[in-house]
Amino acid sequence: MSQKLELRGKWTLVTGASSGLGVEIARSIARDHGGNVLVVARRRDRLEALCEELRSRHGVQAACITADLSRPEDVERVFTEATHERDIHAVVFNAGVTYWGEALKLGWSEFQAMLNTNVTSMVRLSTLFMSYLVERGTKGGLMLVSSMASIIPVPYQAAYSGTKAFVTSYGQALAQEVRHTGVSVTVFVPGGISTEMLDRTGLSNRFKAGELGMMTAEQASAHAVRAFIHRRELYVPGLLNQTLALAARMLPRGFLAQRTAALYRPEP
Ligand SMILES: NC(=O)c1ccc[n+]([C@@H]2O[C@H](COP(=O)([O-])OP(=O)(O)OC[C@H]3O[C@@H](n4cnc5c(N)ncnc54)[C@H](OP(=O)(O)O)[C@@H]3O)[C@@H](O)[C@H]2O)c1
């Protein structure tokens, strides 16, 4: 796909834009590309503050939809509200949740909420938006935010790692299926990013900002938006992550899981 994704003056929907990577992706789209943004998450106050900031600082249009993407009815409503009297050109599926601990201790309802948020809502909305873009002949794009945990199995984040393996595999396969339509699918595969996600799980005590290839949300979003604009089908940001991704193709997965277990094993 040769033509770059043009976001200027067009609407991009960004999920999970109340904190971390999603906020910075929305900011970059507005500030660096003059794009309008429609942001989605549960915390309305944060979404409204971000919209106000983007309108006043960058002169773009910005709006929000409050939704819990672990709830199927909210997922359907996001599509209906987003496309009501508004032309959506691009969508970034960034919302995600994780946990840190033994798989056997992960509560069933916590697992189901994670599966719904990370996987089910993304499949539902990506198929709805892909059909919408193709029917309208819009040469837009979708970006799915995955993780290095999709490439290397991560013990003590086993189920999260599984959800992200789904995202990468699904996104790469979908990209091939829709290539002829002119709508691009980008799978973004970051390693550690210093965000609330790490604070919430306690992982920020293990992986400190600036160490082990950890990125700030600003750094990660710059990579993500560039990959999106250039319609990259799979993008791993940063030299360390790229080296690990290459090594993951050559080394046995069992060995990788064993090494990763040592990094992630919680204190007894
Ligand atoms: N941080 C990392 O080290 C890292 C590494 C690789 C990949 N990633 C991926 O990057 C993405 C962004 O993560 P982050 O690090 O920026 O985390 P974050 O700061 O915790 O942000 C997560 C975002 O997802 C939203 N979200 C979570 N559950 C939701 C739900 N049920 N419904 C609607 N929105 C929901 C949150 O908003 P509300 O709480 O307001 O709903 C928030 O805006 C995720 O997909 C994550 O898996 C992160």
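Let's start with Ser121, which is found in helix 4. This is a predicted model. Is Ser121 buried or exposed? Its relative accessibility is 5%, so Ser121 counts as buried. Setting aside neighbours within four places in sequence, Ser121 is in contact with Leu69, Val75 and Asn116.

## How helix 4 meets helix 5

Two packed helices are described by the angle between their axes and the distance between the axes. For helix 4 (residues 108–136) and helix 5 (residues 158–177), the axes come within 9 Å and cross at roughly 10 degrees. An angle under 35 degrees counts as roughly parallel, so helix 4 is roughly parallel to helix 5.

Which residues make the contact? From helix 4 come Phe111, Met114, Leu115, Asn118, Val119, Met122, Val123, Ser126 and Thr127. Helix 5 answers with Ala159, Tyr160, Thr163, Lys164, Phe166, Val167 and Tyr170. Sorted by class, this contact has 11 nonpolar, four polar and one charged residues.

## The nonpolar cores

The largest nonpolar core has 35 residues, and Ile25, Val39 and Leu54 are those with the most contacts inside it. Several elements give two or more residues to this core, among them helix 1 (20–33), strand 2 (36–41), helix 2 (44–58) and strand 5 (141–145). Helix 7 (217–229) is also one of these elements, and its seven residues are the largest share of the core.

Take Leu54 as a close-up: not counting residues up to four places away in sequence, Leu54 touches Ala26, Arg27, Ala30, Val37, Gly59, Val60 and Ala62. There is also a second, separate core of 32 residues, which includes Val91, Leu128, Phe129 and Val183.

## A look at helix 1

Helix 1 has 14 residues, which at 1.5 Å a residue should span 20 Å; the end C-alpha atoms are 19 Å apart, which agrees. Its buried residues are Leu21, Gly22, Val23, Glu24, Ile25, Ala26, Ser28, Ile29 and Ala30. Just after helix 1, Gly34 takes a positive phi of about 60 degrees.

## Two loop residues with positive phi

Most residues other than glycine have a negative phi. Glu85 is not a glycine, yet its phi is positive, at about 55 degrees. Glu85 sits in the loop between helix 3 (72–82) and strand 4, and with 75% relative accessibility it counts as exposed.

Arg231, also a residue other than glycine, has a positive phi near 55 degrees. Its place is in the loop between helix 7 and strand 9 (234–235). Is Arg231 buried or exposed? At 8% relative accessibility, Arg231 counts as buried.

Notes. Residues numbered from 1 in each chain as written. Predicted model: local features only at pLDDT ≥ 70, side-chain atom pairs only at ≥ 80, totals over all residues. Heavy atoms only, no water. Axes fitted to C-alpha atoms, helices over the stretch in contact; angles between N-to-C directions. Helix = DSSP H or I, 4+ residues; strand = E, 2+ residues; numbered from the N terminus. Parallel < 35°, antiparallel > 145°, perpendicular 65-115°, else oblique. Contact = heavy atoms within 4.5 Å. Nonpolar A, V, L, I, M, F, W, Y, C, P; charged D, E, K, R; others polar. Core = buried A, V, L, I, M, F, W, Y, C linked by side-chain atoms within 4.5 Å. Buried < 20%, exposed > 50% of the residue type's maximum accessible area, 1.4 Å probe, protein only. Expected span 1.5 Å × (residues − 1).
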